[in-house]
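Colleague: Hi! Could you walk me through this model before I set anything up with it?

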Amino acid sequence: GVRLRDVRARYGPDGPWALDGIDLDLEPGRRVALVGPSGAGKSTVAAILLRFLDHQGGTVTLNDRDLTAYVPDDVRRVIGGCPQDPHIFDSTVKENLRLARPDASDAELRASADVARLLPWIESLPQGWDTPVGSHGVQMSGGERRRLALARAVLADPGLLILDEPTAHLDPPARAELTADLLRVTRGRTTLLITHDLAGLDAVDEIVVLDHGRIVQRGTHEVLVRQEGLYRRLWTVRQGAGTAGVPLR
Ligand code: ADP
């Protein structure tokens, strides 16, 4: 379990607080969505959990031990991200997936690609799994790169999976498909889903609404959508936009 209490963080010694006293519990097997407008502090939470940024106030614990007491690389073995724009190495599809877990068997690689629905694409390639990708090989689309990142995350199987804006910059049909797959894949996994796209959030256990570095609301979609507040305003804008998954930026 990961616990944040009264956490404050900023990017410079005199800068404004990017996070200004937040409490968050990430319990085993639960999915929490962190939502809010651009600049609210969502990615800063991910940066702290992945130990790219140290918090300046409050406490962050991983299994009841202070997160800063762990070596960053050890933390990243337990808390895993699924980056928006994952790095694609100049190598084959297989090697690009295998780096998430070098001892994975071919069957495990195949299973993770299947779960992430990357398998039809791999099988359509001229040399299948051995096809070179990256700058000297087949170029991958945005959606394929996200699915590779998801397959890597499934293969690495971290104790806490952080998905930071997993569907950003995809067109609406691709976004809807990937959202459905993410929700299916993360069921039963401890997950922090960071998003400004409110699609599918009725499936998560808790939604935490951030604004200007503070938590302004928390609850389920069902409850929040009935309450006066930022979540309902964001939801209304989204409904009014008419197209599922229109970004709220
Ligand atoms: P969100 O993910 O909700 O869009 P961020 O966590 O990226 O929000 O940003 C929170 C605040 O921190 C914003 O005011 C943003 O400008 C600031 N910020 C984010 N990253 C940096 C950075 N690398 N350097 C300085 N300020 C940053």
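Modeller: Happy to; we can go through confidence, the sheet and then some helices.

Colleague: Great. What is the mean pLDDT of the chain?

Modeller: This is a predicted model, and its mean pLDDT is 91, with 96% of the residues at 70 or more.

Colleague: Nice. Where is the pLDDT below 50?

Modeller: That would be residues 243-249. In the model this stretch still has 19 contacts beyond near neighbours in sequence. Where pLDDT is low, though, predicted coordinates should not be read in detail.

Colleague: Noted. On to the sheet: in what order do the strands come?

Modeller: The order is E2-E1-E4-E5, in an open sheet of 4 strands with antiparallel pairing. Strands E2 (19-26) and E5 (65-66) sit at the edges; each has a single partner strand, so one side of each is left without a neighbour in the sheet.

Colleague: And how many bridges join E1 to E2?

Modeller: There are 6 bridges between E1, which covers residues 2-9, and E2, and the two run antiparallel.

Colleague: What about E1 and E4?

Modeller: E1 pairs with E4 (residues 57-62) over 5 bridges, again in the antiparallel sense. Arg-3 stands opposite Thr-61 of E4 there.

Colleague: Which residue in E5 is the bridge partner of Thr-61?

Modeller: Asp-66 is the bridge partner of Thr-61 in E5. E4 and E5 pair over 2 bridges, antiparallel. Their hairpin has 2 residues between the strands, and Asn-63 takes a positive phi near 50° in that hairpin.

Colleague: Since you mention H1, how many of its residues are buried?

Modeller: In H1 (residues 42-49), 7 of the 8 residues are buried, which leaves the helix mostly covered. They are Lys-42, Thr-44, Val-45, Ala-46, Ala-47, Ile-48 and Leu-49.

Colleague: Changing topic: how do H4 and H6 cross?

Modeller: The axes of H4 (residues 106-115) and H6 (residues 142-156) come within 8 Å and cross at roughly 130°. The two helices are therefore oblique to each other, and H4 passes H6 in a right-handed crossing.

Colleague: Which residues meet there?

Modeller: From H4 you have Glu-108, Leu-109, Ser-112, Ala-113 and Val-115, and they meet Ala-151, Val-154 and Leu-155 of H6.

Colleague: And how does H6 pack with H7?

Modeller: H6 and H7 (residues 172-186) pack at about 0° with axes 12 Å apart, and they are therefore roughly parallel to each other. On the H6 side, Arg-146, Arg-147, Leu-150 and Val-154 meet Glu-177, Leu-178, Asp-181, Leu-182 and Val-185 of H7.

Colleague: Why do residues three or four places apart in a helix point the same way?

Modeller: An α-helix has 3.6 residues a turn, so residues at that spacing point the same way.

Colleague: Last one: is Arg-146 buried or exposed?

Modeller: Arg-146 lies in H6 and counts as buried, because its relative accessibility is 8% and the cut-off for buried is under 20%.

Colleague: What is Arg-146 in contact with?

Modeller: Leaving aside neighbours within four places in sequence, Arg-146 is in contact with Gln-84, Glu-165, Pro-166, Thr-167, Ala-168, His-169, Leu-170 and Leu-178. Leu-178 is one of the H7 residues listed for the packing with H6.

Key. Residues are numbered from 1 along each chain as its sequence is written. This is a predicted model: local features need pLDDT of at least 70, side-chain atom pairs count only at pLDDT 80 or more; totals for chains, interfaces and linings use all residues. Side-chain values use heavy atoms; hydrogens and water are left out. Two strands pair if DSSP finds at least two bridges between them. Buried means under 20% relative accessible area, exposed over 50%, partly exposed in between (1.4 Å probe, protein chains only). pLDDT is the predictor's confidence in each residue, from 0 to 100. Contact means heavy atoms within 4.5 Å. Axes are lines fitted to C-alpha atoms, for helices over the stretch in contact, and angles run from 0 to 180 degrees between N-to-C directions. Angles under 35 degrees count as roughly parallel, over 145 as roughly antiparallel, 65 to 115 as roughly perpendicular and the rest as oblique. A crossing is left-handed if the near helix is turned anticlockwise from the far one by less than a right angle, and right-handed if clockwise.
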